[in-house]
Amino acid sequence: MPVDCPGTIMNKKPITSAISRLLLGAALCFAAAQARAQTPTFTRQDTLRGSITPERAWWDLTYYHLDIEVNPADSNIRGVNTIRYKVLEPQQRMQVDLQPPMRLAKVTQGGKELPVQQDGNAYFVQLAEPQEPGAVKQVEVYFGGKPQVSENPPWSGGITWQHDANGKPFVANSNQGDGASLWWPCKDHMYDEPDSMLISVKVPEGLMDVSNGRLRRVEKHSDGSSTFHWFVSNPINNYGVNLSVGDYVHFSEKYPGEKGQLDCNYYVLRGNLDKAKKQFRDVGRMLKAFEHWFGPYPFYEDGYKLVEVPYLGMEHQSAVTYGNGYQNGYLGRDLSGSGWGLKFDYIIIHESGHEWFANNITYKDYADMWVHESFTTYSENLFVDYYYGKEAAADYVIGQRAHIENDRPIIGPYNVNRTGSGDMYYKGANMLHTLRQFVNNDEKWRGILRGLNQEFYHQTVTTEQIEGYLSQHTGRDLQPFFDQYLRGVRIPELEYSQQDGKLMYRWSNCVPGFAMPVKVYINRQEKWLAPTTEWKVLDEAPKKAKLEVDRNFYVTAAKVRSI
């Protein structure tokens, strides 16, 4: 809604008064706009989508069988999703989500059709059978329609319907944030994942579907169409469920990983096989580096796939999607400006990093998306570190600071399906790089990262759980540190002053209690300081001290003339 800005001069008061009114009106308008930008208005639909409603809380999702037919000729998807669940509390009303223009046709349980009430994107199903705690039951949800088309995949949710160079249909989904319910009915909240899933996709003759997990079988039909049945044997988040349809060719290899032979399968458009065999060599390099830093690839049972799609790419679990044009960097560019970003294919490295941070460890609430993006953007830095060394990695992550805006907190508002600032990528990576510096022990840091993936293996988590783990295993109270970088927009500043031969220093521009240790160079001599928000004195400093903060800390420094 536009802000009603006062300021139009409608009387004959003196010109100075009119100007004052105009300036005041402009100021009020600006303040109102700022307030609206900082405090967005949320609707009932935001709450239904983003919170654990009573109609979601009483049942635990255990299994999906998504059985659909994709028709590229008219951009239509139809089918049935069987939802299996365990009853936690005796309730009779279930929320299932499906966004228009998709339509829910009917819901059945035990062969009987059930009453359904629609409220926007949410459908409330009235169950007839007694829902006894501990019982395992299922409903069948029939649906169809033309799902929303993504206008800017993967950043805007929906289905991408394109054609390849040979005129064959080329179809894929991307729906993080906007929700999997854009194209199939599900329990569309991140806190609950099925323990396993079967994905059956029927496509026209001459096309293949590639989805998550392992291909169980291909069912041929009399009209020339085929149904591809993919089984996921691990928990999977809803936005990670993947639909990729095209005229694919396939090649594979086995990677000798920490848990044995990992099956790696690649699906690319027919004309891109030779390019893919060359470019996809980065997969082995990625697995070697990330298993070193994060522990075993989390989905050996389902294998690893890289699948070409008609958009840039996405972290679909065990079926990472790729559209980076078979070139290094990010569409051929180095986002860090350091030169190191052209040493690898950004999409292969970044999106595969999400297998550990997004698919293995998954946020419960969209507000905590930093858990996915900060760690995964930081994984690029660790990839560079593994192959090119610490200084190259520092160049890379520090170069990314040019993209930090500090516009709003990284953590978003809870229970309304809203994320925080895009700074979760580059600022988040620099936050973790800074944390590594004052851990000051590379093997300990590596153990912490690997331990995260063990502690929260195949789990959904909150920010507080991640913060608590890192505090425990670094041996420091990191609450002020995370408050500073995740919940605020200020960059900590190390103030220092030299008076009477003494060097004084403190943290400013920070939250109360901020006490991060920092490495500095005093007249080029390395020194560790332990500043707080109160002034401290370094007695042994030289009379004329030039202080510089180590570049690996995401902070600023300023000399103060007097205190």
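Is Gln109 buried or exposed? Select Gln109 to start the tour: at 4% relative accessibility, Gln109 counts as buried, because buried means under 20% relative accessible area, exposed over 50%, and partly exposed in between (1.4 Å probe, protein chains only).

Before you move on, a word about what is on your screen. This is a predicted model, where local features need pLDDT of at least 70 and side-chain atom pairs count only at pLDDT 80 or more, while totals for chains, interfaces and linings use all residues. Residues are numbered from 1 along each chain as its sequence is written, and side-chain values use heavy atoms, with hydrogens and water left out.

**Stop 1: around Gln109**

Gln109 sits in strand β4 (residues 103-109); helices (H or I, at least four residues) and strands (E, at least two) are DSSP runs, numbered from the N terminus. Now show its surroundings. Leaving aside neighbours within four places in sequence, Gln109 is in contact (heavy atoms within 4.5 Å) with Tyr85, Leu114, Leu127, Glu129, Gln131, Lys137, Gln138, Val139 and Glu140. For a sense of scale, draw a C-alpha to C-alpha distance from Gln109 to Glu493: they are 61 Å apart in space and 384 residues apart in sequence.

**Stop 2: two cis peptide bonds**

Go to the loop between β3 (93-97) and β4, where you will find Pro101. The peptide bond from Pro100 to Pro101 is cis, with omega near 10 degrees. Then jump to Pro154, in the loop between β8 (136-145) and β9 (158-163). Here the bond from Pro153 to Pro154 is cis, with omega near 0 degrees.

**Stop 3: positive phi angles**

Select Ser318, in the loop between β19 (313-314) and β20 (320-322). Ser318 is not a glycine, yet has a positive phi of about 60 degrees. At 0% relative accessibility, Ser318 counts as buried.

Next comes Asn415, in the loop between α8 (390-399) and α9 (426-439). Asn415 has a positive phi of about 70 degrees, although it is not a glycine either. With a relative accessible area of 41%, Asn415 is partly exposed.

**Stop 4: cysteines**

Pick out Cys264, which counts as buried at 1% relative accessibility, and Cys510, which counts as buried at 12%. A disulfide is a covalent bond between the sulfur atoms of two cysteines. How many disulfides does a search of the whole structure find? It finds zero, taking a disulfide as a pair of cysteine sulfur atoms within 2.5 Å.

**Stop 5: around Pro531**

Select Pro531, in the loop between β26 (525-529) and β27 (536-538). Pro531 is buried, with a relative accessible area of 0%. Neighbours within four places in sequence aside, its contacts include Leu494, Tyr505, Trp507, Phe514 and Met516.

**Last stop: zoom out**

Show the whole protein as a cartoon and you have twelve helices and 29 strands. Along its principal axes, the C-alpha trace spans about 90 × 75 × 50 Å. Buried residues make up 56% of the 563 residues. Of the contacts between residues at least 6 apart in sequence, 68% join residues at least 24 apart.
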